[in-house]
Amino acid sequence: MTSPRTYDTEKGIFLGANVSIAKTGLLAAVEETLSYDANTYMIYTRSNRGGKARPITEFNRDEAFAIMAEHGIEDPVVHLSYLVNLASPKEDTWEYGVNVLTEEIQRVEYLGFRYIVMHPGSHVGEGETYAIRRIAEALNGILTGDESLTLCLETMAGDGSKVGNSLEQIAEIMALVTHKEKLGVCIDTCHNYSYGYDIVNDFDGFLQKFDDIIGLDKLKVAHINDSKTPFGSRKDRHANIGEGSLGLEALRRIVHHDVLRGIPQILETPGGKYRSEIDLLLGR
């Protein structure tokens, strides 16, 4: 790897899951994380069904962080609502996305988290070139350069009219953003394999492409999911660990890879099997 980023192989694996904030906010998230014997987690601060978001000051931030410090839970992640589409040609949809992301940055900065993960967007028939410029336009209107967090563009599976599927598309978006220092990337094993990156047989080759096209210093978060569909299917269908086309052996190699040491790795698998899946991946 040619990236200026250095990797401390003594640093631990940070592995967790998408958890709930029901009723008690971060306290609920931390309690669920502890039940999995995990050391990181991901939340949504607002419903994907829309509506007004719960006040962020009601998330019991300080109490939760005290428990996290006691139990070695680090670098939790927020995922932006799926309702945000910064590539939309519809002005009201685009403006809604701009407003929600602007507010979400403020909410996540209050929590003190370092990362927001977002789907880049869908062009809805207008084409990839249009979408990439539209997303960059939105981010240039939102990011000031003073943010205390990193906004991570998630790599997608190539289904529908989504953009950000290839590493090249992610790089194109980033290149058009003025404050690109505030941008990072979240890879998703299901998405990458479904799109056509053979991370089962050549994860090192994928990382080398990432380094050449984007730079490994921009790799901030990883979603760890098996896939219900085969290699190159271009479908976003998550499967439980070891029950899909990637398989346990490959996912275990990925989770333990030196390049992913020290960054949050998050399960988004179906059925609430997180405890057993984390145990499988960590070999405990």
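At 17% relative accessibility, D75 counts as buried (under 20% relative accessible area; exposed is over 50%, partly exposed in between; 1.4 Å probe, protein chains only). The model is predicted: local features need pLDDT of at least 70, side-chain atom pairs count only at pLDDT 80 or more, and totals for chains, interfaces and linings use all residues. Residues are numbered from 1 along each chain as its sequence is written, and side-chain values use heavy atoms, with hydrogens and water left out.

**Exercise 1.** Is D37 buried, partly exposed or exposed?

*Solution.* Take the loop between α1 (26-35) and β2 (40-43); D37 is there. Its phi is positive too, about 55°. Now read the accessibility. D37 has 45%, so it counts as partly exposed.

**Exercise 2.** Which residues does Y274 touch, not counting residues up to four places away in sequence?

*Solution.* Y274 lies in helix α9 (residues 274-282). Its relative accessibility is 7%, so Y274 counts as buried. Apply the contact criterion, heavy atoms within 4.5 Å. The partners are A17, N18, E32, Y36, L267, E268 and T269. Finally, check sequence against space. Y274 and N39 are 235 residues apart in sequence and 13 Å apart in space, C-alpha to C-alpha.

Notes: Helices (H or I, at least four residues) and strands (E, at least two) are DSSP runs, numbered from the N terminus.
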